[in-house]
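Me: I have a structure here that is new to me. Can you walk me through it?
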Amino acid sequence: MLSRCLPTTTIRRHATLVPKAIDSSWRHAITLKNDSVNAIVHLASEDASGVLADGPLHKVAIAVKDNICTSSMPTTCSSHMLEDFRSPYNATVVRLLTEAGADLIGKTNLDEFGMGSLNTYSIHGPVVNPFQLANQNESWEMREKRAAGGSSGGSAAAVAADMCYAALGTDTGGSIRLPASYCGVTGFKPSYGLISRYGVVSFADSLDCVGVIAKTTKRVRRVAEAIMAPDPRDPTSASHTLRSNASSHSPPLSAAHLKGLRVGVPEEYFPSELDTSVITPTRRVLSALESLGATIVSVSLPSTPYALSAYYVIACAEASSNLARYDGVEYGLNVTAQRTRSGDTAMRSYAATRSQGFGAEVRKRILLGTYALRADAFDNYFQQALRVRQLVRDDFNKTFRSPDVRFMDSPSTAAPDRPDVNIIVHPTAIQPAPLIYDDVQKKGLDAYVQDVLTVPASLAGLPALSIRGGDTDGWPIGVTIVGQWGSDDMVLRVGEMVDMSLYD
Amino acid sequence: MVLCLRSCRHGLFSTSRRCFSSVRSHIEDKRWPGWQIIIGIEVHAQIKSRRKLFSETTVPVAGNLPNTCVSPFDAAFPGTLPRLNMQCVALATRVALALKSHIKSRSTFDRKHYFYPDLPAGYQITQHYAPFAVGGHLVLPNDAAVPVRIKQIQLEQDTAKAGMGLMEIVSEPDMRSPEEAALYVRSLQSLLRAVGASDGNMEQGSLRCDVNVSVNRPGLPPGTRCEIKNLNSVKFMMSALSSEIRRHIDILESSSSVPQETRGFSEQTFETFRLRSKEDAPDYRYMPDMNLGTLHITEAQIQNIRETMPELPDATRSRLQKQYSLHPRDVEILLALDAEKDIPFDGETAGPSSAGAVRYFETICQDHGQGVREKPRDPKVVLNWIIHELVGQLSARHETFTAQRVPSSWLAELIDMVHDNIITRTSGKSLLRHILHNPSEESPKQLAHRLDLIALRTDDQVSSAGTAPTAGDIDLAAICQATISQMPAEVVAYRAGNVNVLNKIVGHVMKTTRGRANALVVKTALQAMLDGS
């Protein structure tokens with residue numbers, strides 16, 4: 001049955017996924033469901049959980065996306081290139097979680113190097129969306145096989161399938177929010193620079209963020225608070241001063257209501273590609289906010305239509321640079337070219353290693369990025385994309401009441417009819433989870449369109465929280481709350497109150 | 001974040017490069033009459049920091065095994081991030097200040113991409129779009145005092161040395177002969193060393209040059225330039241330039257045109273050879289490094305570095321001449337000696353034991369030996385002891401000067417003993433020789449006593465000096481008396497009016513005392529004895 005739905009790849013069975021003893025419901029869920037869901041690609045040995053630190057996350061089971069370096073587990077990035085790679089060091093987030101007492105139960109599936117929106121580009125095989133409504137009792141075999149979303153599909157699916165309390169993901173252009181929306185869980189991409197990227201395998205440095213996926217905003221906050229710390233090892237990590245400066249601009253929120261909170265709904269976030277099924281859940285969240293006392297206003301972010309193209313130019317250009325290191329010399333796959341009389345053996349070995357080590361999507365993006373950085377294309381592509389990026393930032397700064405404290409020295413042009421909102425709310429995705437092997441593979445650009453609503457916050461580095469707004473035809477729909485840079489605490493608080501209003 | 005790309009276009013570099021200095025009038029060179037030579041130089045100088053430019057790893061020193069000075073970042077492991085070493089920035093700031101360059105308050109780092117076995121990340125981090133400092137000049141120390149303008153100074157990784165910090169100092173095309181090029185590199189080298197920014201050691205590869213050269217008819221626009229890469233000695237640079245100039249002239253005289261090329265230099269044939277043409281030039285796909293963002297340097301930081309910066313060679317030269325009334329020739333010797341000192345890491349001030357010759361000299365001049373001395377030591381005497389006696393004896397031993405070989409306090413003590421007639425100058429020299437030959441913890445004074453080098457004095461001297469008599473004090477009179485009785489014939493001759501014979505008696509006393517006696521004192525004593533009795 002399963003093989004009929006997945007014609008090209010069969011989900012691998014991992015010998016490591018059989019734990020020695022089942023001592024928790026999380027591990028039990030992994031044993032039970034992972035062969036079908038394929039969310040966890042490496043299960044930690046249970047010996048490690050015997051010595052958990054006594055911290056705020058003591059014994060909390062957390063799965064880690066497989067592009068975050070762990071010295072005790074492999075870090076494959078779902079790539080043939082790093083299939084046998086084990087990092088010599090732990091990422092800062094892994095260290096912080098361990099110090100907080102978390103039980104790091106395993107590594108989660110992802111699109112190769114984080115490049116993808118459906119989690120189908122993976123040497124571990126695709127992740128199958130495990131979402132199931134409580135009142136649905138259809139057997140696994142009978143259900144449609146839908147994508148979990150990407151690139152943090154394994155993390156979102158692991159949370160949705162109760163394999164862990166929370167999971168770490170990374171988000172470059174929507175890679176946490178999209179799978180959270182598709183899997184019906186809560187996904188949080190913090191402000192750029194609030195969580196250390198040290199030890200997080202770079203896709204696009206200026207966009208990559210580590211974030212948290214869990215079933216509720218409350219759980220997300222609990223884990224996020226343990227890892228949102230300045231890190232001297234990450235030059236892009238925000239300082240204490242900048243953080244407190246930013247939070248001083250956030251309005252004080254009451255625990256009971258949201259009176260005084262202004263919520264903007266951007267008109268550009270309802271493009272023609274948008275499936276009408278996402279409208280109702282979005283309205284549901286807006287009604288919840290309104291009933292809590294918030295004021296809903298319409299806002300305009302006019303540069304939004306250009307954001308997706310700019311995002312792909314920047315992300316691919318940075319990827320082509322960041323992935324240049326995979327040449328088979330220091331670590332990872334090495335394909336040695338035959339010595340010949342003519343030609344440079346080293347160069348041919350690099351070419352052979354990179355051609356075999358990277359999957360088709362990664363190769364495509366490296367080539368696109370390489371093209372965009374050529375001396376004669378640089379101005380028209382990369383520079384132009386950076387200009388659009390600034391326009392997207394300007395849009396947000398003209399809309400939010402509080403300033404972006406990172407760029408305080410450059411005075412923003414205050415619009416006379418400034419809407420002065422505290423948060424922006426929009427649908428996370430243009431549709432519910434698509435079928436895994438629906439014809440998205442054939443229509444190459446369609447997969448990129450999945451990111452159209454998530455990339456603006458990535459380009460501007462803003463905090464964005466996707467919560468489950470509701471369901472359509474049995475599949476969940478995510479709604480995103482975006483705040484000004486550094487207003488993460490407020491965004492999470494608003495999310496918690498919406499959660500309570502909708503689900504308690 | 002890097003957002004300032006709009007104002008800094010990469011086309012800038014190639015266009016302004018061609019605006020060569022036309023202020024200088026053409027001077028005919030007998031080697032290539034009718035041709036003008038235009039030379040610009042890019043100097044790559046390794047920054048003398050203990051750590052690499054973007055990682056905490058210490059730089060390799062002699063004796064380190066391969067692959068022991070490498071961190072996951074240096075090997076470009078996934079997930080690692082750069083961290084700018086601010087010591088490198090401080091040292092580059094010193095150089096920029098010394099060259100009177102304008103230090104940019106904001107500069108950015110860029111990635112230069114290419115695949116090469118010594119480049120684990122697949123890119124080198126450099127400053128392509130917004131370099132660290134622009135402008136400035138270096139005046140060549142020749143009769144014409146040619147000012148060579150500096151175009152820019154940028155920070156970058158030394159890819160050949162696993163990510164050590166490198167400064168690239170780019171000159172404008174202001175040099176007109178291989179000799180001027182050599183002078184420029186040597187002057188820059190001593191400037192880098194003086195401010196403690198780099199060893200500037202070409203043999204060990206801590207300073208390398210790329211030279212750009214073109215040939216044209218005087219008054220006509222500059223010719224097509226060729227770049228000769230990676231020259232690692234001044235001698236090779238001059239040979240490469242001469243060979244390249246000849247090659248250009250040969251092409252131009254056969255009415256062909258010089259193709260724009262990047263060339264190498266063969267140390268076997270002493271000729272340049274083609275590496276790649278303009279058409280094969282790689283596209284490095286320069287891109288801002290999104291991790292490092294903008295490097296901000298404030299006026300206060302620059303001021304702080306300016307105030308704590310070591311003195312530049314020119315300032316030291318004029319100060320030494322004024323403050324100590326030294327002969328210019330002696331100052332040059334002292335400065336040359338000083339230039340051989342080891343450059344400490346990270347611009348740290350060297351301790352007294354590893355300081356250079358200038359500091360050694362000044363310490364001896366100024367240190368009054370625990371306040372015992374009323375008058376400072378005579379700088380000329382001190383310098384004489386350093387450059388003639390100490391360095392002289394060291395070179396006889398095939399050693400070079402270092403400040404720790406004979407601690408400055410010891411040489412000061414030795415000079416004082418000679419000055420106070422506690423030992424003779426001859427004894428002082430032998431004492432120095434002994435110290436160099438038998439390293440020990442004994443101070444010169446202790447040694448002088450142990451080795452019986454204390455000058456012999458007469459009773460008169462002892463009483464006039466007001467110091468307590470020492471074991472040797474009576475001896476000089478006794479030795480003189482004994483010598484007189486041993487040389488009756490000479491005494492008779494002297495008393496008969498042959499005054500010159502006294503020198504023979506003095507010589508005899510000196511021989512007996514093995515240089516411990518002052519000849520003048522002996523002469524006076526003998527005269528007194530012979531004339532009186």
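Me: Start with the contact between the chains. How many residues does it take from chain A and from chain B?

Reply: The contact takes 36 residues from chain A and 26 residues from chain B. Two residues are in contact if their C-beta atoms, placed from the backbone, lie within 7 Å. This is a predicted model, in which local features need pLDDT of at least 70, side-chain atom pairs count only at pLDDT 80 or more, and totals for chains, interfaces and linings use all residues. Residues are numbered from 1 along each chain as its sequence is written, and chains are lettered from A and ligands numbered from 1 in the order in which they are written.

Me: Which helices of chain A supply at least two residues to that side?

Reply: Helix H9 (304–322), helix H10 (345–357), helix H11 (360–373) and helix H12 (379–399) of chain A each do. H12(A) gives the most to the side of chain A that touches chain B, with 4 residues. Helices (H or I, at least four residues) and strands (E, at least two) are DSSP runs, numbered from the N terminus.

Me: How do the residues on that side divide into nonpolar, polar and charged?

Reply: On the side of chain A that touches chain B, 19 are nonpolar, 8 polar and 9 charged. Ala, Val, Leu, Ile, Met, Phe, Trp, Tyr, Cys and Pro count as nonpolar, Asp, Glu, Lys and Arg as charged, and the others, Gly among them, as polar.

Me: And the pLDDT of chain A, what is the average?

Reply: Chain A averages 90, and 91% of its residues score at least 70. pLDDT is the predictor's confidence in each residue, from 0 to 100. Over residues 1–23 of chain A, pLDDT stays under 50.

Me: Switching to chain B. How many helices and strands?

Reply: Chain B has 17 helices and 15 strands. Its C-alpha trace spans about 100 × 60 × 40 Å along the principal axes. Of its 533 residues, 41% count as buried. A residue is buried if 20 or more other C-beta atoms lie within 10 Å of its own, exposed if 12 or fewer, and partly exposed in between, with C-beta atoms placed from the backbone.

Me: Why is strand S9 of chain B largely enclosed?

Reply: Strand S9 (residues 164–171) of chain B has 7 of its 8 residues buried, so it is largely enclosed by the rest of the structure. S9(B) pairs with strand S1 (residues 36–46) of chain B in the antiparallel sense over 5 bridges; two strands pair if DSSP finds at least two bridges between them. One bridge partner there is B:Ile169, for B:Val43. Strand S8 (residues 147–158) of chain B also runs antiparallel to S9(B), joined by 8 bridges.

Me: What do S8(B) and S9(B) form?

Reply: S8(B) and S9(B) form a hairpin with 5 residues between them. In the turn, B:Ala162 has a positive phi of about 50 degrees.

Me: B:Arg285 and B:Asn230: buried or partly exposed?

Reply: B:Arg285 counts as buried, with 24 C-beta neighbours inside 10 Å. B:Asn230 has 14 and counts as partly exposed. Phi of B:Arg285 is near 50 degrees, a positive value in a residue other than glycine. B:Asn230 has a positive phi of about 55 degrees although it is not a glycine. B:Asn230 is found in strand S11 (residues 226–231) of chain B, while B:Arg285 lies in the loop between strand S13 (271–277) and S14 of chain B.

Me: Back to chain A. Which residues does a cis peptide bond join?

Reply: A:Gly150 and A:Ser151, with omega about 10 degrees. A:Ser151 is found in the loop between strand S3 (103–108) and helix H4 (153–160) of chain A.
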